[in-house]
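Please look at the sequence and the structure together before reading on.

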Amino acid sequence: MPGRHSGTAHFRPDIEGLRAVAVLMVLAFHAGLPFAPGGFAGVDVFFVISGFLITGLLVREVERSGRVSLLTFYARRAKRLLPAASLVLVATGILSWLFIPRIRWAEIGGDLVASAAYLVNWRLASRSVDYLAEDSVASPVQHYWSLAVEEQFYIFWPLLIVLGAWLVHRHRLRTRPVLGALLVLVVLASLGWSVVATATQPETAYFVTTTRLWELGIGGLVAITAPFWQRVAPGPATGIAWAGLLALASSATLLGPATPWPGSAALLPTLGTAAVIAGGFAARSRGPVRLLGAAPMREIGATSYSLYLWHWPLLVVAAAAWGELSLWQGVAIAALSYVPARLTYALVENPIRSAPVMSRLPTLALGLGAACTVLGVGAGLTLVRGMASSIEQAEAAPGASAMLGGDQPAVEPTGPGSGDVDVDGDGRRRQRGDRFDRPEHEPGRGRGRPGAGPGRDGARPLQDRPHAGVDLA
C-alpha cells in the first residue's frame with residue numbers, strides 16, 4: 001500500500017514502515033506468537049494512518065481549489081480497494097466450499113455478502129459476537145469488519161470536509177482552523193461514546209463505526225496541523241517520534257485480550273502512531289525513519305493491504321481442514337500468505353490503481369468498483385444457495401443428512417461431553433464439541449490461532465477480534 005500522500009504530499013517512508021509494523025502486529029497475534037498479546041492494536045495503527053492520509057488529501061484539495069470532487073475521491077477509493085478485496089472474497093468462497101463443512105456455508109455466505117457491501121461490522125455487531133466465548137466460531141472474512149469501518153469513514157469524511165469548505169467560503173474563514181474544529185468535535189464525541197460503549201456494550205462496541213471514528217480523526221488532526229509539526233525543532237520532534245514508536249511496542253506487548261477495547265485503552269496505540277507521524281515531519285533522519293524506512297519494511301508496508309486480506313482466510317480454512325493449528329503451523333501459514341499477497345499486489349492492486357485510464361475516467365473506476373462488489377456478493381450468495389441445496393437433499397434422502405457437516409451428524413445429541421447444547425445468559429443458543437466450533441482468531445483481538453485449544457493455564461481458549469483495519473489510502 002503506497003503512502004504517497006501526507007500532510008505535504010511528499011512520500012513518507014516512515015509511514016510505509018508504520019503500515020508494516022501494523023500488519024506484522026496483526027499477523028504475529030493471529031499466528032499465536034506469545035510475545036504479541038496486544039497485536040490486535042495493529043488495526044488501530046491502520047486507522048490513524050488512513051485518517052492522516054485521507055484528510056491530508058482532502059484538505060490540500062480544498063486549499064488548492066476551494067472544493068472537493070466527490071466523484072474523483074470515490075473513484076480513487078474504488079480502484080484502490082475493491083479489486084483486491086473482491087478477489088480475496090471470491091477465493092475465500094471457493095476455499096470455504098472445498099474445505100469448510102456445509103453446515104456453515106449459509107453464515108459464511110452471508111458474511112461474504114456483508115463484506116462485499118462493507119457492512120459486515122454491523123452484521124457482526126448485530127449478532128453480538130463474543131470473541132472471547134469458548135465456543136465461538138470465526139468467519140474466514142470477519143477481518144473485513146475493519147475495512148467496512150474505513151469504507152464508511154470514506155463516505156462520511158469527505159462530506160464533513162465539504163461542509164467545512166462551505167463554511168470557509170461563506171464566512172471567509174481560514175481553512176485549517178475550521179476543519180480542525182469540526183474534527184475535534186467528531187473525535188471528542190466518538191471517543192466519549194467509545195469509552196461508554198466499551199464499558200456497557202463491549203461485544204458490539206468493538207465493531208461499530210461510531211466507536212472507531214475518533215481513531216481516524218486523530219490521524220486527520222495530525223494532517224490538519226501538519227504546518228505546525230513542520231516547524232517543531234528537530235530535537236523535540238525526534239523525541240516525539242521515538243516515543244510514539246515505543247508506545248506501539250508497548251501496545252503489542254503489554255495489552256492483551258482482557259483489555260477492554262477500544263475505549264480509552266486504544267489511546268496508547270493511536271496517540272503513539274500519531275506521534276510517529278507528527279514527529280517525523282521535522283525529525284528527519286534522526287527519527288525512526290531509518291528503521292521504518294528500511295527496504296524490507298517498505299516492501300511489507302507496500303503489500304500490507306493484500307497481506308491483511310489473505311492471511312486470515314488461510315488460517316481459518318487451514319484450521320477447518322486440519323483441526324487445531326500448532327504455533328508453528330500458524331506462523332508458517334501467516335508467513336506463506338505473503339505469496340498470494342505479493343501476487344495480488346503485483347497483478348491486481350498496483351496495476352489497477354496506477355492505470356492512467358482509471359485516473360482519466362472516474363466513472364470507469366466507479367464501474368469497476370461496482371462490478372467487484374457484485375462479484376463478492378455473488379460469491380456469498382453461491383454459498384448460501386449451496387447450503388440450501390444441501391438441506392433440500394437431506395430432506396429428500398434422510399440418510400444424506402450427515403453431508404451437511406462432513407463426518408458430523410446434522411443434529412448433535414444433547415448431553416454431557418461432545419455436542420452439548422446450551423443457552424447462555426443472554427439467550428443465544430450455542431453448540432460445543434465440534435472441532436470447527438473451537439474459538440478461532442481474526443484480525444483484531446484475542447489470543448491464539450484459529451482452532452487453538454485451552455492454554456497452559458487451563459483457561460478457555462481466547463477468541464480474537466478482527467484488523468488489519470488496513471488501508472488503504
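In this predicted model, glutamate 16 and arginine 19 are joined through their side chains in a salt bridge, with an N to O distance of 3.2 Å. Side chains of opposite charge can pair when their charged atoms come close. Glutamate 16 and arginine 19 are three residues apart in helix H1 (residues 13-31), which means that about one helical turn separates them. Both glutamate 16 and arginine 19 are buried.

**Further salt bridges**

The whole structure contains eight salt bridges. Three of them are set out below, each with the distance between nitrogen and oxygen.

| Salt bridge | N to O distance |
|---|---|
| Arginine 12 and aspartate 14 | 2.8 Å |
| Glutamate 16 and arginine 19 | 3.2 Å |
| Aspartate 44 and arginine 212 | 2.7 Å |

Arginine 12 has a relative accessible area of 8%, and because this is under 20%, arginine 12 is buried.

Where do the two members of the pair aspartate 44 and arginine 212 lie? Aspartate 44 belongs to helix H2, whereas arginine 212 is in the loop between helix H8 (202-205) and helix H9 (213-224), so the pair ties together parts that are 168 residues apart in sequence. Aspartate 44 is buried, with a relative accessible area of 0%, and arginine 212 is likewise buried, at 0%. The pair belongs to a network of salt bridges that links Asp44, Arg212 and Glu215.

**The overall fold and its cores**

The protein has 19 helices and four strands. Of its 473 residues, 58% are buried. Its accessible surface comes to about 18,500 Å², and carbon and sulfur atoms account for 66% of that surface.

Within the protein, the largest nonpolar core has 101 residues, and those with the most contacts inside this core are Phe52, Tyr144, Trp145, Ile277 and Tyr305. Helix H2 (residues 42-65) gives the most to this core, with 13 residues. A second, separate core has eight residues, including Ala138, Trp312, Val316 and Ala318.

Valine 232 is located in the loop between helix H10 (226-231) and H11. Is valine 232 buried or exposed? Its relative accessibility is 17%, so valine 232 counts as buried. When neighbours within four places in sequence are left aside, valine 232 is in contact with Ala237 and Ala282. Valine 232 and glycine 279 are 47 residues apart in sequence, and their C-alpha atoms are 8.2 Å apart in space.

Threonine 238 lies in helix H11 (residues 234-254). This threonine 238 is buried, with a relative accessible area of 12%. The side chain of threonine 238 reaches the backbone oxygen of proline 234 at a distance of 2.7 Å. Apart from residues up to four places away in sequence, threonine 238 touches Ala283, Arg286 and Gly287.

Ile94, Trp97, Leu98 and Phe99 make a nonpolar surface patch of about 420 Å². One of these residues, tryptophan 97, is placed in helix H3 (residues 70-99). Tryptophan 97 has a relative accessible area of 41%, and because this value falls between the limits of 20% and 50%, tryptophan 97 is described as partly exposed.

Key:
Residues are numbered from 1 along each chain as its sequence is written. This is a predicted model: local features need pLDDT of at least 70, side-chain atom pairs count only at pLDDT 80 or more; totals for chains, interfaces and linings use all residues. Side-chain values use heavy atoms; hydrogens and water are left out. Patches are made of residues with over 30% relative accessible area and no salt bridge: like charges are joined within 9 Å, nonpolar side chains (Val, Leu, Ile, Met, Phe, Trp, Tyr) within 5 Å. Accessible areas come from the Shrake-Rupley method with a 1.4 Å probe; for residues, only the protein chains shown count as cover. A salt bridge is a side-chain nitrogen of Lys or Arg within 4 Å of a carboxyl oxygen of Asp or Glu. Buried means under 20% relative accessible area, exposed over 50%, partly exposed in between (1.4 Å probe, protein chains only). A nonpolar core is a set of buried Ala, Val, Leu, Ile, Met, Phe, Trp, Tyr and Cys residues joined through side-chain atoms within 4.5 Å. A polar contact is a pair of N or O atoms within 3.5 Å; within protein, one must be able to donate a hydrogen and the other to accept it, and residues adjacent in sequence count only if both atoms are side-chain atoms. Contact means heavy atoms within 4.5 Å.
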